[in-house]
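Me: Please take me through the following model in questions and answers, keeping to what can be computed from its atoms.

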Amino acid sequence: MNFEWTDEQQAFRGKIEAFLENTLPDDWEEFSKHGPASPALTEFARGFCRQLAENGMLFPHWPKEIGGEGLGPWEQQILAEVMWQWGEPRGGQYMNVNWIGPTMLKYGTEGQKAKYLPQISSGEMLWCQGFSEPNSGSDLASLRTRAQLEGDVYRVNGQKIWTSYAGLADTCFLLTRTSDDRKKGITILLVPMDTPGITVRQIPSLIGEGDIHEVFFDDVMVPVGQRFGEEGQAWEIIGYSLTNERLGIPRYHLARAALDRAVGMLKDAGDFTGDIVRAEAARCAALCEAARTSIYAIVQKRVDGQTVGPESSSARFATVMSERAVCEFIVEYLPEALAGGSAFLQMHHQRGIVAGIASGAAEIQLNIIASDVLQLPREPR
Amino acid sequence: MLLTLSEDQTQILDFIDSLTRPYVGVPMHDTSFALTSDELDRELVEGGFLDVAGMPELGPVTAALIVEKLARLPFAIESAASALVRPLLDPELPRPICLVEEGQLRKPVRFLKAGATVVVVGATGVRSFTASEAQVRDAGDEVLYAYPVAYLNEVPADTRLHELSADELRRAWRVALAAEAAGLLAAALQSVTTYVSERKQFGRPIAAFQALRHRLAEAQVLTNGAYWLAMRAAGTGDAGDAALAALHAQEAAKRVGYDYHQFLGAMGMTLEHPLHLWTYRLKLLTAELGGRGAQAVAAADAIWG
């Protein structure tokens with residue numbers, strides 16, 4: 001066991017940090033208050049991700065044959081940490097890096113890989129994730145958006161909600177129902193968002209403009225070649241992709257950066273002298289670092305080529321605890337942060353408050369830990 | 001960054017598994033609150049398991065792994081201070097090693113007995129002495145903590161002054177505390193999950209009720225964090241890491257202790273069930289080094305100045 005970064009890993013982090021410092025505009029912190037899914041940040045990200053791609057920093061962990069640098073999971077984690085610490089200048093394209101790309105590699109047809117991977121790896125493509133529905137949140141397998149095969153075309157009808165990036169995405173990674181066989185009746189379609197019959201409505205939110213939407217599908221016609229995987233294979237595929245997604249955002253890292261920034265502001269104001277505020281800050285740091293080390297233990301499993309199991313839910317819940325503590329600390333000791341006092345801390349807050357919901361409610365993570373880590377007898381259903 | 005066990009580490013932990021096998025099962029013990037075994041202690045010393053921190057190829061992380069592992073046993077063994085603090089002072093100091101803060105003589109001291117090495121840390125630095133019969137006061141038969149404890153009557157005038165700074169001693173103490181607490185937390189959680197998976201009410205195991213499941217799942221998250229923070233603190237030798245690890249361990253201990261006994265119902269109030277052997281050691285650990293508030297302030301000092 002060794003808890004130090006290697007010289008190469010430190011250099012890699014330094015390279016990305018230097019690139020961001022040189023590339024991001026001077027008013028980046030103010031700008032980053034726009035949510036990752038805002039029109040402003042999405043537009044920015046298209047150019048920015050192209051620059052990252054040109055400099056080998058968009059997919060350094062991808063195999064060389066598809067445009068990556070062949071670096072390992074530690075480098076992927078370092079990249080994600082630096083990006084998220086800066087408020088995710090890749091916008092919604094972080095999803096491509098974290099899970100759409102890997103999932104495409106594993107499950108896409110040759111035709112789909114040929115079509116999408118170049119677009120993804122050039123840093124031009126934005127996806128949205130058509131999962132949740134008004135009556136299917138945590139109980140995702142109850143989803144009802146119907147895809148009826150008519151000849152070689154699926155007719156799609158239904159509604160999605162909370163869909164991030166829907167307003168500006170090129171393509172929707174859409175979960176549809178093709179039979180009534182609950183988990184086995186769900187099928188993935190890759191649907192261009194400019195297909196006739198799709199209506200997107202934005203939902204005003206606490207987390208920044210453009211972040212969550214309703215998406216309506218009215219007789220949307222999708223060629224069968226746009227099906228991803230087999231009919232009924234969606235549950236397996238999203239299980240694979242969610243394992244990546246759950247680790248994908250290093251929230252502990254931004255939380256820690258926000259905590260350090262908050263402490264710096266308190267010190268400047270002469271308000272970081274009492275034991276109470278100092279102890280509270282340290283508790284937040286402990287939770288951030290507990291989350292970090294828990295996540296790192298899982299990254300190590302990836303490095304070793306082991307399957308990542310339910311322990312990713314445990315690490316993710318640790319991350320939620322850290323985000324929550326830091327968000328609460330900042331509001332309690334620096335209330336001005338959410339009222340124009342700090343663009344960076346407001347950005348953090350708006351990213352942070354979704355930690356317990358995004359990519360699966362925290363309570364579902366607890367269910368998974370109880371059943372699959374602690375191996376407790378299951379609840380009756 | 002490499003978070004897997006080395007071959008040596010795996011082998012050592014396997015050795016400990018074999019060696020401690022006879023001590024894993026808890027005897028339905030009599031009315032004693034703490035379990036100790038001189039024989040187990042002797043075997044660990046003879047095997048050199050408490051001396052690995054000073055060996056360059058093994059080091060403090062291996063020592064912390066051993067301490068964590070031993071803490072899972074129902075038996076209380078003085079391993080943490082011996083394995084993680086003693087090597088920094090003098091590897092030949094007689095065991096048990098008892099760590100005491102200057103001016104805190106009202107508090108019970110773990111493993112204290114005549115012949116033990118008492119290490120006192122405070123404003124005057126780090127001093128040690130071998131406790132005499134007259135300096136040790138028995139704590140009686142009804143100590144609730146699952147450690148052997150006694151009181152120290154006095155710090156004698158004639159002590160040995162060590163070169164190690166008080167800050168460095170406290171750092172190592174925090175690592176020792178965190179590693180031991182991590183093992184205790186893991187064992188207590190295991191003990192509770194076994195019980196609630198078997199105990200039935202309303203026609204099903206009580207572990208099938210979400211009220212328990214979620215709290216146990218949160219406890220698992222904290223326990224996992226305590227383990228990794230302890231190992232990282234041992235590995236980096238950083239004062240901030242040590243304080244965070246001790247803080248997180250003490251926070252976790254406080255958070256889960258009452259719950260665990262409550263989940264066992266009245267069985268959790270008995271000496272018959274072994275749970276208290278871990279939780280009541282944890283309770284005493286929450287009082288070390290001034291408790292979690294003091295750990296938090298120490299962490300803030302180390303991290304932010």
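Reply: Two residues are in contact if their C-beta atoms, placed from the backbone, lie within 7 Å. The model is predicted, with local features needing pLDDT of at least 70 and side-chain atom pairs pLDDT 80 or more, while totals for chains, interfaces and linings use all residues. Residues are numbered from 1 along each chain as its sequence is written, and chains are lettered from A and ligands numbered from 1 in the order in which they are written.

Me: How many residues of chain B are in contact with chain A?
Reply: The two chains touch each other through residues on both sides. Chain A brings 38 residues to these contacts, and the number from chain B is 39.

Me: Which helix gives the largest share of the side of chain A that touches chain B?
Reply: Helices (H or I, at least four residues) and strands (E, at least two) are DSSP runs, numbered from the N terminus. Three elements of chain A give two or more residues to the side that touches chain B: helix 9 (275–303), helix 10 (311–333) and helix 12 (362–373). The largest share, 15 residues, comes from helix 9 of chain A.

Me: Among contacts in chain A between residues at least 6 apart in sequence, what percentage joins residues at least 24 apart?
Reply: The corresponding percentage in chain B is 68%. For chain A, contacts that join residues at least 24 apart come to 74%.

Me: Is strand 4 of chain A enclosed or open, and how many of its residues are buried?
Reply: Strand 4 (residues 171–177) of chain A is covered on both faces: T171(A), F173(A), L175(A) and R177(A) are buried on one side, and C172(A), L174(A) and T176(A) on the other. The strand is therefore largely enclosed by the rest of the structure, its buried residues numbering 7 of the 7.

Me: Which residue is the bridge partner of L175(A) in strand 5 of chain A?
Reply: Two strands pair if DSSP finds at least two bridges between them. Strand 4 of chain A pairs with strand 1 (residues 127–130) in the parallel sense over 4 bridges, and Q129(A) stands opposite F173(A) there. With strand 5 (residues 186–192) of chain A, strand 4 pairs in the antiparallel sense over 7 bridges. In strand 5, the partner of L175(A) is I188(A).

Me: Which helices of chain A do the buried residues of helix 11 of chain A pack against?
Reply: Helix 11 (residues 343–352) of chain A is mostly covered, with 9 of its 10 residues buried. Among the buried residues are F344(A), L345(A), M347(A) and R351(A). The buried residues pack against three helices of chain A, namely helix 2 (28–31), helix 8 (251–268) and helix 10.

Me: Which residue of strand 6 of chain B does R110(B) stand opposite?
Reply: In chain B, 3 strands form an open antiparallel sheet in the order 2-6-5. Its edge strands, each pairing on one side only, are strand 2 (109–110) and strand 5 (136–138). Strand 2 is joined to strand 6 (residues 149–152) by 2 bridges, running antiparallel. The residue of strand 6 opposite R110(B) is V149(B).

Me: Leaving aside its neighbours within four places in sequence, which residues is R160(B) in contact with?
Reply: R160(B) lies in strand 7 (residues 160–162) of chain B. R160(B) is classed as partly exposed because it has 14 other C-beta atoms within 10 Å. V119(B), 41 residues apart from R160(B) in sequence, is 9.3 Å apart in space, C-alpha to C-alpha. Leaving aside the neighbours within four places in sequence, the residues in contact with R160(B) are R127(B), S128(B) and F129(B).

Methods:
Buried ≥ 20, exposed ≤ 12 C-beta atoms within 10 Å, placed from the backbone.
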